[in-house]
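Hi everyone, thanks for coming. Let me put today's model on the screen, and then I'll talk you through it.

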There are 2 protein chains.
Amino acid sequence: MSGEVSFPSAALLIIGNEILSGRTQDANLNAIATRLTGLGIPLKEVRVVPDIEGEIVAALDALRARYTYVFTTGGIGPTHDDITVDAVAKAFGVDVVEDPEARALLAARYEADKLTPARLRMARVPRGSSLVANPISGAPGMKIGNVFVLAGVPDIMRAMLDSVVATLQPGPKIYSHSVSGFIGESLIAEELGAIAARYPLIDIGSYPWVRDGKFGTALVSRGTDEQAVMRASDEIAALLQSRNVAFSRSAG
Amino acid sequence: MSGEVSFPSAALLIIGNEILSGRTQDANLNAIATRLTGLGIPLKEVRVVPDIEGEIVAALDALRARYTYVFTTGGIGPTHDDITVDAVAKAFGVDVVEDPEARALLAARYEADKLTPARLRMARVPRGSSLVANPISGAPGMKIGNVFVLAGVPDIMRAMLDSVVATLQPGPKIYSHSVSGFIGESLIAEELGAIAARYPLIDIGSYPWVRDGKFGTALVSRGTDEQAVMRASDEIAALLQSRNVAFSRSAG
């Protein structure tokens, strides 16, 4: 679907040494992918970069020039390794300023004597940003241009995502239908390829799996034309039926 | 650690619409990150791209020019949506050829009449590749230049990774030590920043967590100088002790 300009698209920039070192298993990619797919906004690219300003700026510039929306996760807390706000400001060529609304949110959460410089760091935003609510821990995310700057902690990220999805321009609904059976994909590859060739606008994916030592394949038809998705999926089901293979069908 | 040229580095290119749509939760990033970190080869960038040849080629070219090793996962099966081999060949400017050794591996696995064109597709490699063993399902991965082309199915990917790690040039051992306690990171952010400033070669990360509704922080010191890692971690432990916070320490 690359190259279309009229439909929304999205990219994700995951910021964090802990993901790259293997210390932390990312959970945000899948949550964001699922949510955006449900809105008809295909996630088209993801990058994971370390906590290095130049790396964040370069990746963000590449992504924000190309996709309708860019989401970043990670690096917006109060500590020295939280450099996302400064990197985003640099990418946009703007200053970092203390946002009065963000300061008020933090002031409402902490007593005056606990509104420490570290906590006030979380009121810093690239100039021109609007805030993204954080109902869990107070410190807001932000939006500037087409970039949403979200937290890395999954619970907080999801809460922030909840608060911004209503502002996104949805795309055409994406329909998906799966046929999954106990057959190796190589045994149906040729016929499957022929079906895929007959439905050029339907994305037909073949995903092998192993269950209790037996090989199987999930055959997923996806696209914005519901009728075509179902016709393609019917043809795939008929193919498995012709092989006397046990299979199941499901939406999604 | 960016900019060092004498130590090995790595990048990962995850190829697959199913990751971007949210249908499949990636498990390979964390497995590869953990394994490479154990070898002293820092994973410095990850990209996820769809099953589109131009996207794969562009990402692969960007990564292979910059890092010592690039690993790809996904898209090397027998079906129409498995286009990684062709994309890798295009990136390297070489033909795709049938590899005699790969054909022999497949022939040994399947009876002659079951060595279908679809299965033989899995013997296709970019010219000049060497094979990566696949002890689980036979069809090999491959290596060309500094790029390792691995399967997407996690069990198979890990088996392939096992068979190539001995060929990688290890880097200096990376030491890691964590201090984790029931304290919000904003309450120690300033002192932590001062410790980080005193240990410029140690990567000190602050990772907030929520457990049973209580906030805590894991403070991780990482680097190749074991003594410095431990000294930094001792200072962090002393900081938590000074706040009368319950904490635990661990390697990793």
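First, some housekeeping. This is a predicted model, in which local features need pLDDT of at least 70, side-chain atom pairs count only at pLDDT 80 or more, and totals for chains, interfaces and linings use all residues. Residues are numbered from 1 along each chain as its sequence is written, chains are lettered from A and ligands numbered from 1 in the order in which they are written, and side-chain values use heavy atoms, with hydrogens and water left out.

So, how do the two chains relate?

Now over to chain B, and strand 8, residues 147-150. Helices (H or I, at least four residues) and strands (E, at least two) are DSSP runs, numbered from the N terminus. Which residues of strand 8 point which way? B:Val147 and B:Val149 go one way, B:Phe148 and B:Leu150 the other, and all are buried. Buried means under 20% relative accessible area, exposed over 50%, and partly exposed in between, with a 1.4 Å probe and protein chains only.

Strand 8 of chain B pairs in the parallel sense with strand 3 (69-73) of chain B over four bridges, and B:Val70 has B:Val147 as its bridge partner. To count as a pair, two strands need at least two DSSP bridges between them. Strand 7 of chain B runs antiparallel to strand 8 of chain B, joined by three bridges, with B:Met142 opposite B:Val149. That hairpin has two residues between the strands, and B:Gly145 takes a positive phi near 55 degrees.

B:Ser137 is in the loop between strand 6 (130-132) and strand 7 (141-144) of chain B. B:Ser137 is buried, at 16% relative accessible area. Beyond its neighbours within four places in sequence, B:Ser137 contacts A:Phe215, B:Arg109 and B:Ile156, where contact means heavy atoms within 4.5 Å.

Next, the open sheet of chain B: four strands in the order 10-11-9-12, paired antiparallel. The edges are strand 10 (203-211) and strand 12 (247-251), each pairing on one side only. Nine bridges join strand 10 of chain B to strand 11 (214-223) of chain B, and B:Arg211 stands opposite B:Lys214.

Last stop, helix 8 (189-198) of chain B. The buried residues there are B:Ala189, B:Leu192, B:Ile195 and B:Ala196. An α-helix has 3.6 residues a turn, so residues three or four places apart point the same way. The buried residues of helix 8 of chain B pack against helix 6 (117-120) of chain A, together with strand 10, strand 11 and helix 9 (226-242) of chain B. Facing away from that buried side are the exposed B:Ala197 and B:Arg198.
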